[in-house]
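Dear colleague,

I am handing over the structure we spoke about, and I would be glad if you could look through it alongside the notes in this email.

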Amino acid sequence: MDDHGESALSAGLSGALTEFGHRLMARVYYADTDFSGVVYHARYLEFLERGRSDYLRFAGVHHTELAEGKHGERIVWVVRRMEIDFRAPARIDDILTIDTRTEGISGARIFMAQQLKRGGEVLVEAKVEAAIIGENGRPRRFPREWVAAFMPKGRG
């Protein structure tokens, strides 16, 4: 094995593409909880970010390559807006499923929907609007070749 097993390992760590978008599994650790033993509300943002970042990676969009300018100029993703509904708490040692799907792409923006679940129970739902900006902080149009990678079949 040329890569010393790293691609198989990272594939497991990064979740998997699904017919609707991307799915990632994560365990709740002690550091994710507050004094009451449930996941601290800000930690849900980190679980959701992991889901979006790994979805980007599977779609062939790597944060480091964008920041290094490998696609022309240096560009980065920014979250422009987020709406979150907290339905039920997660607790230490829970195994969470983070589902991410693209709802639409317009100009420099991508609209994503995410669910964080424990088994079949939805704990958190989020709507996320992210954008691509250049070094000067101005929006950059979403590259046409990325649209097919982010829009599930039958959508777009």
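What follows is an account of the strands, the aromatic pairs and the salt bridges.

Please keep in mind throughout that this is a predicted model.

I begin with strand S6, which spans residues 121-134 and is largely enclosed by the rest of the structure, because 10 of its 14 residues are buried. Strand S3 (residues 75-86) pairs with S6 in the antiparallel sense over 11 bridges, and within that pairing Trp77 stands opposite Ile132. Strand S5 (residues 109-118) also pairs with S6 in the antiparallel sense, here over 10 bridges, with Lys117 standing opposite Val122. The hairpin of S5 and S6 has 2 residues between the strands, and in this hairpin Gly119 takes a positive phi near 60°.

Together with Tyr55, the residues Trp77, Phe142 and Phe150 form one aromatic cluster.

Turning to charged side chains, I find that the structure holds 16 salt bridges. In one of them Lys117 meets Asp99, the closest N and O atoms being 2.9 Å apart; because Lys117 lies in strand S5 and Asp99 in strand S4 (residues 95-106), the pair ties together parts that are 18 residues apart in sequence. Lys117 counts as buried at 15% relative accessibility, and Asp99 is buried with a relative accessible area of 7%. Arg23 is linked with Asp99 and Lys117 in a network of salt bridges.

Two further salt bridges may be of interest to you. The side chains of Glu103 and Arg101 meet at 3.1 Å, N to O, where Glu103 is partly exposed at 31% relative accessibility and Arg101 is partly exposed at 29%. Lys70 and Glu68 form a salt bridge at 3.6 Å, N to O, and Lys70 counts as exposed, with 55% relative accessibility.

With best regards

Definitions and conventions
Residues are numbered from 1 along each chain as its sequence is written. This is a predicted model: local features need pLDDT of at least 70, side-chain atom pairs count only at pLDDT 80 or more; totals for chains, interfaces and linings use all residues. Side-chain values use heavy atoms; hydrogens and water are left out. Buried means under 20% relative accessible area, exposed over 50%, partly exposed in between (1.4 Å probe, protein chains only). Helices (H or I, at least four residues) and strands (E, at least two) are DSSP runs, numbered from the N terminus. Two strands pair if DSSP finds at least two bridges between them. Rings of Phe, Tyr and Trp (its six-membered ring) pair if their centres lie within 6.5 Å; planes under 30 degrees apart count as stacked, over 60 as edge-to-face and the rest as tilted. A salt bridge is a side-chain nitrogen of Lys or Arg within 4 Å of a carboxyl oxygen of Asp or Glu.
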